[in-house]
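Here's a quick tour for anyone meeting this structure for the first time. Have a look at the picture below, then read on for the charged pairs and a bit of the surface.

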Amino acid sequence: MSASDLTISQQGFVRQIVLNRPDRMNALGRNLITALRTELERCRFDHQTRVIILTGAGGRAFCAGADLKERADMSQDEVDAFVTELRTTFHLLFNHPKITIAALNGAALGGGLELALACDLRYAHDSVRLGLTETRLAIIPGAGGTQLLPRVIGPAKAKELIFRAQPISAAEALTLGLINDVFPNDDLLDQCLEIAEQISQNGPIALAQAKKAVNQGLQCSLDQGLQIEQLCYAGVIPTEDRLEGLRAFKEKRKPQYQGK
């Protein structure tokens, strides 16, 4: 595995993961996916990480999707194994206990948009293009796009984007609710870091339980979702962080959460 496929940095409780294949528009090759999955597994139990920011190197693309040049040399068995690894990694990202942010500093196409969809929050700069373009190649999104996009923007618009396979602008993506906000290019990462820092100051167990309640609740009926919420709420009651939050409120100071 090439360590250069990802670059990692830490700022407080915020971990920044950069897809580092700018010469290939940060396309998803086998080494990059293996490195990303390894890093996500490492972050699961890292108490110093509460928020993860994913972005791309080079400025041209957040991620242009699967590395089609690499795939052209694969056997069918290798392609099947790669797509399974891709889907497994994105599923890990979607269910990750940390809060995840996609900083879309360039094009997010095909598997690149699926990667962003697996994150909790998505922010883009104003000239970014986004799309699930797989049907142009006579395939379909295979790493969660057909399931996540309808859950984010609704089935009718999701079908339109998938069927037409035409990238859309950041402004249109914002209107659809596909991304959370749009920032000028030079401000994007600073804005994402500011948002991540704000999130990271909240109770880490509460953040993980709130994410779990939302994600799992979306997959079932309202009554079942409310039961999931009740279980997740019960999970924060015995924590030291909850007591610290009450003390800090009473003492009019900033809480110091430990994730316990």
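Which residue forms a salt bridge with aspartate 120? That partner is lysine 211, and the closest N and O atoms of the two are 2.9 Å apart. Keep in mind that this is a predicted model. Searching the whole structure turns up 10 salt bridges, and a few of them are picked out here.

**Aspartate 120 and lysine 211**
- Aspartate 120 is partly exposed, at a relative accessible area of 23%.
- Lysine 211 counts as buried because its relative accessibility is 8%, and the cut-off for buried is under 20%.

**Glutamate 85 and arginine 37**
- Glutamate 85 has a salt bridge to arginine 37, and their closest N and O atoms lie 3.1 Å apart.
- Here too, distant parts of the chain are linked: glutamate 85 is in helix α3 (residues 76-94) and arginine 37 is in helix α1 (residues 30-44), 48 residues apart.
- Glutamate 85 is partly exposed, with 24% relative accessible area, and arginine 37 is partly exposed as well, with 27%.

- Arginine 164 and glutamate 160 form a salt bridge, with 3.5 Å between the closest N and O atoms.
- Both residues lie in helix α6 (residues 155-164), and they are four residues apart, or about one turn of the helix.
- Arginine 164 is exposed, its relative accessible area being 55%, whereas glutamate 160 is partly exposed at 29%.

**A charged network**
- Some salt bridges share partners, and in this way Glu244, Arg247, Glu251 and Arg253 are joined into one network.
- As a general point, side chains of opposite charge can pair when their charged atoms come close.

- Which residues make the nonpolar surface patch of about 260 Å²? They are Leu68, Leu137 and Ile139.
- Leucine 68 is found in helix α2, which covers residues 68-72.
- With a relative accessible area of 45%, leucine 68 is partly exposed.

Note on methods. Residues numbered from 1 in each chain as written. Predicted model: local features only at pLDDT ≥ 70, side-chain atom pairs only at ≥ 80, totals over all residues. Heavy atoms only, no water. Salt bridge = Lys/Arg side-chain N within 4 Å of Asp/Glu carboxyl O. Helix = DSSP H or I, 4+ residues; strand = E, 2+ residues; numbered from the N terminus. Buried < 20%, exposed > 50% of the residue type's maximum accessible area, 1.4 Å probe, protein only. Patch = residues over 30% accessible without salt bridge, like charges linked within 9 Å, V, L, I, M, F, W, Y side chains within 5 Å. Areas by Shrake-Rupley, 256 points an atom, 1.4 Å probe, with all protein chains shown as cover.
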